[in-house]
Amino acid sequence: MKPKPSEKNPLVNLLVNEEQHILLKKLSASMPDVILNNRQICDFELLTTGVFSPLKGFMKQIDYESVLDRMRLESGQLWPVPICLDIPQSLAATLETGQSVTLRDQEGFLIGVMNIEDIWPLEIKKEAQAVYNTLDKSHPGVDYLYNKSGKYYIGGEIQALNLPIHPDFKQIRNTPAEVRNIFSKLGWKRIVGFQTRQPIHRPQFEMTIQAMRKAKANLLLLPIAGVTKPGDFDHFTRVRCYQKVAAHYPPDSYVLNLLPMAMRMAGPREAILHMIIGKNFGCTHFVIGHDHGSPGNDAGNRPFYKYDEATKLAHNAIKELGVETIIFEEMVYLPFEDEYKIASQVPENIDTISFTGTDIQKRIRAGKKVPDWATFPEVIKELQKSYPPPSKQGVTIFCTGLSGAGKSTIAKILYSKFLEIGTRPVTLLDGDIVRRNLSSELNFSKEHRDINVKRIGFVAAEITKNRGIAICAPIAPYEKTRVRIRESIEAHGGFFEVHVSTPIIECEKRDRKGMYAKARAGLLKGFTGVDDPYEDPSNPELRIDTTSLTPDEAAQEVMLYISQKGFI
């Protein structure tokens, strides 16, 4: 008798029963708390529901090192990327192995308990090189390790009390076990999986149709609804696009299911992870693209991964995983034939156009027209609804520079100018004004000054999301904080960093508040430019030295630049 798929590939389920739930909830009151970030919550959910089978918790050090060195768990099973729980050094110092901790979401909601079996420091350089094959911090995975991750890992098995709460699209948020049951009910034996973080445009649609034909299979669409590449379209917009494209598939030929995954963008290793995930959902085949799981190009505009690196590694894993790969090269458009074909199959004398999902994304965000042949009209309509042209988007103008450089004066003029235009609501977020109204409890320590800037960034992001204009004028001396603020805002609208680069000699001459005099006399400690550094922005949209410019002339430079970019 042939074994059932569930017997050949058993799924992990970490949710405890009701009796254990009551007991663990009672015991949790005396346990230390670990608050999970968005990436960690995604990992927790995929561990709990069996998407990451055979893992039963966050990895221990022996598995972590084995995965880095040979892409296998200590047991010998193929596994390409570390699934580890990073925590700050300050928290790690209070914990010890054998102890249990609660796992909570960012609102403090209890989702699980973990028994700590291992605590160890990250090997950041080794992990970045092994998993991502680069130390370039423009890679999102490397950036996370160096700039966002805690510096220690804790590992151990999980007892899950609750799944993370998702109020959206509940009908298409199924676990692997539930998806397998759907396949069984539909009588499907051959299923090809297609994972994507982009809307499905005409090339991707053609790819899925060809994959279904090649595999003689039905389709499982697994769009990412977790953490993707910064700048990607949000999953709410993408799901509406998928639902529109669905009408173009034959009836009862596909299942759409959201995957709450935090992508690592690890290229070839990511491809293997997606094959394992597809297998756990019940796929017999999986689509692997030529640039699968890659974030694109590095800081030198070179691809992070070789053209066929992912497809070769995936091909080598077919036998071990028991999942066939459907390999696709780049799809190009043939304008005279009005059809898409695989690039390598097009004769040399035929005109072709390469137009990727990233190209469409850039054109949508810039308010430019997308050719009809590139995607479906209903998809364009949905994208334009969520991402209007720049003149209707929210925008943040972030003026940064030394005290006395002229930031606040320029910001006030800009505020007046935008009110005069009157097309969008305008908010002025001056550093001193925000400190009085939002941060009155903070002192002037380095940490507290940084918190004040982060609060300004948070408010500016909310204003930009809601298509207003935020004009900010803090000193904001630290590059890392400014970069994070930019990232949080650019996903929703425009961001213009204006470095008011007036030299400190000129700023000290002005010294309207007498702060430099106090700092030089030793009466004021940690003053930016005197005994605390100001880190010049590495790549601002504008640098303006107000030494020989009037405030109106400086503001005019900003207005002209923003107008040129289409935001006025």
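This is a predicted model: local features need pLDDT of at least 70, side-chain atom pairs count only at pLDDT 80 or more; totals for chains, interfaces and linings use all residues.
Visitor: Which strands form the edges of the open sheet of five strands?
Guide: Helices (H or I, at least four residues) and strands (E, at least two) are DSSP runs, numbered from the N terminus, and two strands pair if DSSP finds at least two bridges between them. The sheet runs in the order β16-β17-β15-β18-β19, with parallel pairing. Each edge strand pairs on one side only, and these strands are β16 (426-430) and β19 (542-544).

Visitor: Which residue of β19 is the bridge partner of Val498?
Guide: Strand β18 covers residues 493-500 and pairs with β19 in the parallel sense over three bridges. In β19, the bridge partner of Val498 is Leu542.

Visitor: How many residues apart are Phe205 and Phe376?
Guide: Phe205 belongs to helix α9 (residues 202-215), whereas Phe376 is in the loop between α14 (357-366) and α15 (377-386). The pair therefore links distant parts of the chain, the two being 171 residues apart.

Visitor: What is the relative accessibility of Phe376?
Guide: Buried means under 20% relative accessible area, exposed over 50%, and partly exposed in between (1.4 Å probe, protein chains only). Phe205 is buried, with a value of 13%. Phe376 also counts as buried, because its relative accessibility is 8%.

Visitor: Are the rings of Tyr333 and Trp373 stacked or edge-to-face?
Guide: Tyr333 is in strand β13 (residues 331-334) and Trp373 in the loop between α14 and α15, 40 residues apart. Both Tyr333 and Trp373 are buried. Their ring centres are 4.3 Å apart and their planes lie at 5°, so the pair is stacked.

Visitor: At what distance from the ring centre does Lys214 lie over Phe328?
Guide: A charge sits over a ring if NZ of Lys or CZ of Arg is within 6 Å of the ring centre and within 35 degrees of the ring normal. The charged end of Lys137 sits over the ring of Tyr146, 4.3 Å from its centre. Lys214 lies over the face of Phe328, and its distance from the ring centre is 4.7 Å.

Visitor: Which residues are joined by a cis peptide bond?
Guide: Most peptide bonds are trans. Pro54 is found in the loop between α3 (38-49) and β2 (57-58). With omega of about 15°, the cis bond joins Ser53 and Pro54.

Visitor: Is Asp252 buried or exposed?
Guide: Asp252 lies in the loop between α10 (235-245) and β10 (254-256). Asp252 has a positive phi of about 55° although it is not a glycine. At 64% relative accessibility, Asp252 counts as exposed.

Definitions and conventions: Residues are numbered from 1 along each chain as its sequence is written. Side-chain values use heavy atoms; hydrogens and water are left out. Rings of Phe, Tyr and Trp (its six-membered ring) pair if their centres lie within 6.5 Å; planes under 30 degrees apart count as stacked, over 60 as edge-to-face and the rest as tilted.
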